[in-house]
Amino acid sequence: MVAAGQTVELVQIEEGRRLRKRLADLGLNVGLTVRVVQNSFAGPLILAVREDSRLAIGRGMAHRIRVAPRNSAPQDEG
Amino acid sequence: MPTPQTIALAGNPNVGKSTLFNALTGERQHVGNWPGKTVEKMAGIAQIGGRTFTVIDLPGTYSLNAYSSEEIIARDFIINEHPSAIVAVADAANLERTLYLAVQVLELGVPVVLALNMADTAQQRGITIDTAALSARLNGLPVVATVGSRAVGLDSLKKAICTQTDGTPRLLPTPVDYGQPLESEIAALQVQIEADPILSHQFRPRWLAIKLLENDEDLHARLSGAGYHALIEAARAAMARIAAQTGEDAETLITDRRYQVIAGLLRGIVTRPDGDGETRSDRADRIITHPIWGVPIFLLLMWIVFQFTAYVSAPFLDWIDALVGGPLTRWALAALDAVRLGDTWLAALVVDGIIAGVGGVLVFVPVLIFLYLALAVLEDSGYMARSAFVMDRVMRSIGLHGKSFLPLIVGFGCTVPAIYATRTLEDEDDRKLTAFITTFMSCGARLPVYVVFGAAFFGAKSGNLIFGLYLLGIVIALLTGFAMKRTVYRHKPPQPFVLELPPYHIPIMRNVWRQAWQRTQQFLRNAATIILAATIIIWFMLALPVRGEGTFNDVPTGDSLFGSVSRALAPAFAPAGFGSWEAAGSLITGFVAKEAVVSTMSQIYVEEVGEGTSAEDEADSPGFVDDLREIARSFGEAAILTVQETANIAPRTANLLPVVNVGLGDWLDRGEDAEELTSLQSALTTSFARTACSAERGKLAAVAFNVFVLLYVPCMATVAAMRHEFGGRWVFYQVTYTLLVAWLAATVVYQGGLLLGIG
């Protein structure tokens, strides 16, 4: 669980090829650093992607995105 | 005159592309659909530097992959139509992400003008962009900062379009360098593509090579369909080599490289203030998209949208209804009299068939305009994306996307705009399913039927019947959605939820109004034919005598073709307890419009009602000038009432709270219209009791009849909208399914009631 306001690096996106491509089109690809804008107890998350873009992603998908807070072990985003 | 050159606007959703399109083309626009698609096609004419251009607003897309039909449309247009130039629209306040599409457009090798739109928003956030330096890094490609909503930068944009289309050959910006091993694979494929004259003529070889390596499904399928198996094989082998060498698949490498190039382009060119980057929209979203507070906010806004379609649109709906039924009909009769056709069947066809049919279409205009205004405001302000965010959790439980909720709510007002409201859904199957279940939400036109029956059979307790029917509609809609997700769409994985949340901003009323009006016109064009045809057919059925003494256009309803068709259908309704031809006949006209059920019943059950009104009309016919004066007066009245109903939204909303009871504004002192229906009501109770053999059973049959009215085939305006949006085959499924469900439910109610010992 990454709290709102934290900045993390995307390490791996465990989704199918099509969905990974779609996420990349929306600006979300592996290696990117994103800021978590909102992560409440339920419902989708809001990420700040490439500074100015705000993306909402479902909680289910968020669980399949591995992230690393700088210089530490990978963890689940959800 | 030479054929005008074509330019196209390409850009992400939410970058203000359509405001730029409006600024370029002004009023000279045409809205249509892309061939074979339900995606809107916007085209316009612009005068730029003394030359005439056709301007195409391509659908908003995030990339030129073949992920959605919008993306295929945008890219096919650029490849096949060879526009003279593309205006790639990026968002100055979200530059890095929105340049991703622009870079792909550049790779297509057409002349490009880069517009950095919404420059004002960027400025407000303290972001500065050195456009001249960016242009220099792109080999002199024109880069223009614009604010589409206020036509800022329009002159520079036009100048840039002129220079890019004047025919002089121009240096193309340096394409993205994908590095090794990609570049050598691209080069090898490129050689193979260039060797084929047809392929190299149709596509830019380098672009096609990159797309094949990106594993573009659409292009792979198209090329293998055309027999280019060797090329496909070469591309696959190249992809395998790249994966083996780098440990990463080619498409990921290509995507990453594009973003790297963009980051490099912007380095030192974009400066931004220090801070955590939190925007005003982020702060607003803490409440608006809050998992708890977000829901009541959403419901409140939906309630307001519903108020607009149900109440605020009503005064003008009534005005059009009165205009068509009164003056327009009288004028047509007078005109027919003038050419000595006044008393012929042709006059009756024109008045009762055609004019009534046209009226049936026109009454939807106010409803649709107000719905589209409300939707455009929600969309333009940025709230629409949030509504999907908030409702996603709830709708997901029946397998639908959060955005499906809005059409369902609109469906309580009128199903036609609800069908169009599904346009906000991106997934075609989700759209179809949502439209499919929307017809079960009880629309405003079904209410008069419940009211008449409720008063006739249940007296003071009629509210229970009405509430029960609304509830039943919701339950059937949800069950249908649930069932279809588990049968028809079983193999379809749930749509992953990923959605851009554009920053909030105040809607630009000019654009909102333009959009609402254009969409309403589209409905009119598409629905007019089917509705007119259905009205004329029913008129002929009512006019044709098939037995008894009547002659054409002078026949009691029971003896007409309509009567005998009703008689033939009646036994089908016997299991549901209302197997009389009168009931069946009312249901047939209910297809024209559900509110027609009551008027047909008045005609059939109580013959004298119809005759009384027509005699009255002839005795006291106002002159032409009186008519015009009355039209103007009632228009003014409708305008006042519209404002009144808008103001009434506030007390109506407050009244939702159990302890509050605020009076509604009644500025013209009209009170509620109390319609005299007593003769119809008593005729109904007698007739239903006679058909069902007892008063109690008659009551049960009446409930079953109302259940049928709630669920059966949506009215033909809805059918027209459905056909427009999803095609004839889908309409067939819809009609069949709703008839089946309606019949089953009505029968279950009646037979179940009998089993329980009622009657």
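Q: In what order do the elements of chain A run from the N terminus on?
A: This is a predicted model, in which local features need pLDDT of at least 70, side-chain atom pairs count only at pLDDT 80 or more, and totals for chains, interfaces and linings use all residues. Residues are numbered from 1 along each chain as its sequence is written, chains are lettered from A and ligands numbered from 1 in the order in which they are written, and side-chain values use heavy atoms, with hydrogens and water left out. Helices (H or I, at least four residues) and strands (E, at least two) are DSSP runs, numbered from the N terminus. In chain A the order is β-α-β-β-β-α-β-β, which gives 2 helices and 6 strands.

Q: What percentage of the residues in chain A is buried?
A: Buried means under 20% relative accessible area, exposed over 50%, and partly exposed in between (1.4 Å probe, protein chains only). Of the 78 residues in chain A, 62% are buried.

Q: How should I read the two sides of a strand?
A: In a regular strand the side chains alternate between the two faces of the sheet. In strand 4 (53-57) of chain A, A:Ser53, A:Leu55 and A:Ile57 lie on one side and A:Arg54 and A:Ala56 on the other, and all are buried.

Q: Which strands pair with strand 4 of chain A?
A: Two strands pair if DSSP finds at least two bridges between them. Strand 3 of chain A pairs with strand 4 of chain A in the antiparallel sense over 5 bridges, with A:Arg54 as the bridge partner of A:Ala48. The hairpin of these two strands has 3 residues between them, and A:Arg50 takes a positive phi near 50° there. Strand 10 (residues 498-500) of chain B also pairs with strand 4 of chain A, antiparallel and over 3 bridges; here B:Leu499 is the bridge partner of A:Ala56.

Q: Which strands of chain B pair with its strand 5, and in what sense?
A: Strand 1 (residues 5-11) of chain B pairs with strand 5 in the parallel sense over 5 bridges, and B:Gly11 stands opposite B:Val89. Strand 6 (residues 112-117) of chain B is also parallel to strand 5, over 6 bridges, and there B:Ala115 is the bridge partner of B:Val89. In strand 5 (residues 85-91), 7 of 7 residues are buried.

Q: What unit do strand 5, helix 3 and strand 6 of chain B make?
A: A crossover is right-handed if, with the strands pointing away from the viewer, the path from the first strand over the helix to the second runs clockwise. Strand 5, helix 3 (residues 95-107) and strand 6 of chain B make a right-handed β-α-β unit.

Q: How do I find the covered face of a helix?
A: An α-helix has 3.6 residues a turn, so residues three or four places apart point the same way. Helix 13 (residues 280-288) of chain B has the buried residues B:Ser281, B:Asp282, B:Asp285 and B:Ile288. Seen down the helix axis, these fall within an arc of 125° (taken from the directions from the axis to the C-beta atoms), so they line one face of helix 13 of chain B. The face turned away from the buried side carries the exposed residues B:Arg280 and B:Ile287.

Q: What covers the buried residues of helix 13 of chain B?
A: Contact means heavy atoms within 4.5 Å. The cover includes strand 2 (33-38), strand 3 (45-49) and strand 4 of chain A, together with helix 14 (294-312) and helix 18 (383-396) of chain B.
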